[in-house]
Amino acid sequence: MGFYLSKSRTVMHNLKPKLGSLGVMFHQSSGIASFSHHQESQSGLIKNLGAGSCNRPTLFTIWRSEHFKAEKQLDCKQNSGGPQVLNFPGGNVKFTSELDFLPEGLEERVHCYRILDENGELTSSNFVQISDELAVRMYTYMAMLQTMDTIFYEAQRQGRISFYVTAIGEEAINIASAAALQLDDPVFPQYRESGVLLWRGFTLQEFANQCFGNKNDNCKGRQMPAHYGSVKHNYFTVASTVATQVPHAVGAAYSLKMDRINACSITYFGDGGTSTGDFHAALNFAAVMEAPVIFFCRNNGWAISTPVEDQFRSDGIVVRGQAYGVHSIRVDGNDALAIYSAVRAARQMAITEQRPVLIEALTYRGGHHTTSDDSTRYRSAEEIEWWRVAQCPLSRFRKWLEKEGWWDSDAETELRASLRKQVLHAIQVAEQVEKPPVADIFTDVYDAPPSNLHEQETTLLETIEKHPKEYPPNFSC
Amino acid sequence: MAAIVQGIGATAAPSASSNKFLLSSLGSSLLEKKRNFFVVRSDGKCYTGLNQQQRRAQNVVTNAVATKEEKASAAVGSKPGHELLLFEALREGLEEEMDRDPCVCVMGEDVGHYGGSYKVTKGLAEKYGDLRVLDTPIAENSFTGMGIGAAMTGLRPIVEGMNMGFLLLAFNQISNNCGMLHYTSGGQFKIPIVIRGPGGVGRQLGAEHSQRLESYFQSIPGIQMVACSTAYNAKGLMKAAIRSDNPVILFEHVLLYNLKERIPDEEYVLNLEEAEMVRPGEHVTILTYSRMRYHVMQAAKTLVNKGYDPEVIDIRSLKPFDLYTIGNSVKKTHRVLIVEECMRTGGIGASLTAAINENFHDYLDAPIVCLSSQDVPTPYAGTLEEWTVVQPAQIVAAVEQLCL
């Protein structure tokens, strides 16, 4: 099994590779456990693509000092009849007399792995087969995510919650990637991945509680809506800072590696997040440390109002993997089957070979950046409409399910009605629950509140007592 | 340990005069400008390595309370404990914790095979492996972030900033994530990380390498800050910081790494939130920390000769302040002098002044005096650099003024 990294005739011609075929090479697998890791063929593939730096063992080693021979002889030696070669740290480098600059990009953009087309037709059998149960479950959760997002968004518009982030258009990314992982895999989300948490078992009521910041919120009302976190679902609390979670995931992978746990960490981020310093260094670190982490980039075309052309000039994110020595792949972000297969394969690679993997999913941000944004100000309604209708991940997947005979329009109607009812109910219940008590302002800053916080709490309680009308009723309880 | 100490310390030229100078492993001539520091020996004598420009007429002899037997339970025998340098004490504390708990790991630039820029992690990579003592690429924000991620998933990492100033690059991770995630997650994820490194004004290291980061970090909610100043408290605070479930920033000082001291053989852990009574007194409370402790003690000798009785407290805990110890002292002496290395604006001294005024205003007979560095980047020239740092003469003058 191998993954195609990049087609690069112009880049690589100096190194004379034997390029493998384009596209993914898969063995037809009927179940989950049929990934064989042919390391020789894999590293053979890597060598063929001329990376020139892969003479290292791929399994993780605790003692890496033997590989760090910084004082390697930097002398040139003559090959037998060949051009001169520089024996440089990292591998031999051939000389050339061509004054050729590598072009800024390849002639053709990196190809995108896809299985289902817009009409829900299978274009290939190169994917991980899933059972009807799993497929229906995936679809159900995609619909649940879509329903939750739509209704919560409306609730925000009605003033019932203050803020919300939708994942409209990215349901396949959310659910299919979550389905391909295990609960042992720690997830470090940005903020548009609530579907992953949904799949793992966070209930609609818990989502609603967090958005309303009521006293049943497991974050105790401390974070903005949609900044979920749940230790029992191995989903790390969302922070508003962009891409700070990417190095966290590398640290978690390091922790898994130290403890030799059969799991990998995964982190999600958008196209905009890849411009940050944290992204760069995290990929670099993960490659150097051989950490089992999946970097999942949701390239949805927009970072608030910044289109990708203004964000970077590389061919998306997938090409950057190679710059760090990381395996990468581009997948169709609206194709649940493709995402499922890619994440399964990436997870296997990350764990068995102890290496990071980069996945770029091309998709579209169907909604606004958040409820504080109105994207029609900077993009056309036609563009939004086209993606929403023609590329909708749910309709594509549903068509495939219907073709397989696992779904029909009655089931659809029933599901939608039930979901809508559940979500509305969750909101209604959450709205009635009271807010967290004043004491929750001061707990969890440290493991135990220090004296200055005790003081400050006392001062606040005294103030509330003196001026009860300035504060909500029962606030001090 | 003793053998290593001897190996490094043995380069001291045994001069006949009473000025014995302990040299660092890079040490050369006694009069070289580069290596100037205070040495506290086990018998309580303190010698200073001064260059010609700074040599004072009198030798300073001071009893550092830390070497007294207040904590050593087994004072049997003539010389209990073992001698080592401050950086070795840090390493000893680190090593003991790494032995005790396999989750403890170290990450930072050049901490592995190189042993750390100040040799705090020397030998640890050979003992524990490359993974537990991890060399990182140069991206402070990211390896601090990595440490936070590792801490949230069960490890207890110690992140070393090669110089505290480099941690400015990690400010985002420290403030927005390290300090906050325990709170914003509703207590679900804890971050038992230790961030440490040398800071403060060194010997002509230039403005960028002479930062006092404690003033920038002090406002971040969710973190604790401690500053070590002796080998004894360095080891104890290191162990306490590692065992704490809160994120702790441990401030070391570039010029204090070669302080020699005798510390107990038995295991000890200090309290992160406690201040240290260095010298009890009656007339004035002098609050200080880190390197300024030694300037204060030097001034104290002069003051004692002049008939004053200063009480010197090394506050050690920069966040939160040990207002209990400080308060008791203020209630006794009614006069406070703060001596710090931070800049005047927004430094630890500024916060401490505010805290004492707020809490103990009625006990003060005079306004609090705070001696700090000026609000300037640290200049390179030795003379200029010396005068941006509070000197013992200024401390003496301030006390005299305060006790009029």
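Helix 7 of chain A lies across strand 4, strand 5 and strand 6 of chain A, and runs at about 170° to strand 5 of chain A. The model is predicted, so that local features need pLDDT of at least 70 and side-chain atom pairs count only at pLDDT 80 or more, whereas totals for chains, interfaces and linings use all residues. Residues are numbered from 1 along each chain as its sequence is written, chains are lettered from A and ligands numbered from 1 in the order in which they are written, and side-chain values use heavy atoms, with hydrogens and water left out. Helices (H or I, at least four residues) and strands (E, at least two) are DSSP runs numbered from the N terminus. Contact means heavy atoms within 4.5 Å. Axes are lines fitted to C-alpha atoms, for helices over the stretch in contact, and angles between N-to-C directions run from 0 to 180 degrees.

Helix 7 of chain A comprises 14 residues, 245-258. From its first C-alpha to its last, helix 7 of chain A reaches 20 Å, close to the expected 20 Å (1.5 Å times one less than the number of residues). Helix 7 of chain A is mostly covered, with 14 of its 14 residues buried (under 20% relative accessible area; exposed is over 50% and partly exposed in between, with a 1.4 Å probe and protein chains only). Just after helix 7 of chain A, A:Arg260 adopts a positive phi of about 50°.

The sheet in chain A is open and parallel, with five strands in the order 4-5-6-10-9; two strands pair if DSSP finds at least two bridges between them. Strand 4 (187-188) and strand 9 (327-332) of chain A stand at the edges with a single partner strand each, so one side of each has no neighbour in the sheet. Helix 4 (residues 171-179) of chain A also packs on the sheet, where it touches strand 5, strand 6 and strand 10 (357-362) of chain A, and its direction makes about 165° with that of strand 6 of chain A. Strand 5 (residues 265-270) and strand 6 (residues 293-299) of chain A run parallel and are joined by six bridges. A:Tyr268 stands opposite A:Phe296 in strand 6 of chain A.

Chain B contains 13 helices and 16 strands, and 62% of its 404 residues count as buried. Among contacts in chain B with a separation of 6 or more, 79% involve residues 24 or more positions apart.

Helix 4 (residues 140-152) and helix 5 (residues 171-178) of chain B pack at an angle of about 30°, with their axes 8 Å apart. These two helices of chain B are therefore roughly parallel to each other (under 35 degrees; over 145 is roughly antiparallel, 65 to 115 roughly perpendicular and the rest oblique). B:Asn141, B:Thr144, B:Gly145 and B:Ile148 in helix 4 of chain B meet residues of helix 5 of chain B, including B:Phe171, B:Ile174 and B:Cys178.

Most residues other than glycine have a negative phi, and most peptide bonds are trans. A:Asp444, in the loop between helix 13 (409-432) and helix 14 (451-466) of chain A, has a positive phi near 65°; at 14% relative accessibility, A:Asp444 counts as buried. B:Asp110 has a positive phi near 60° and is found between strand 4 (104-108) and helix 3 (124-128) of chain B. At 36% relative accessibility, B:Asp110 counts as partly exposed. A cis peptide bond, with omega about 0°, joins B:Lys319 and B:Pro320.
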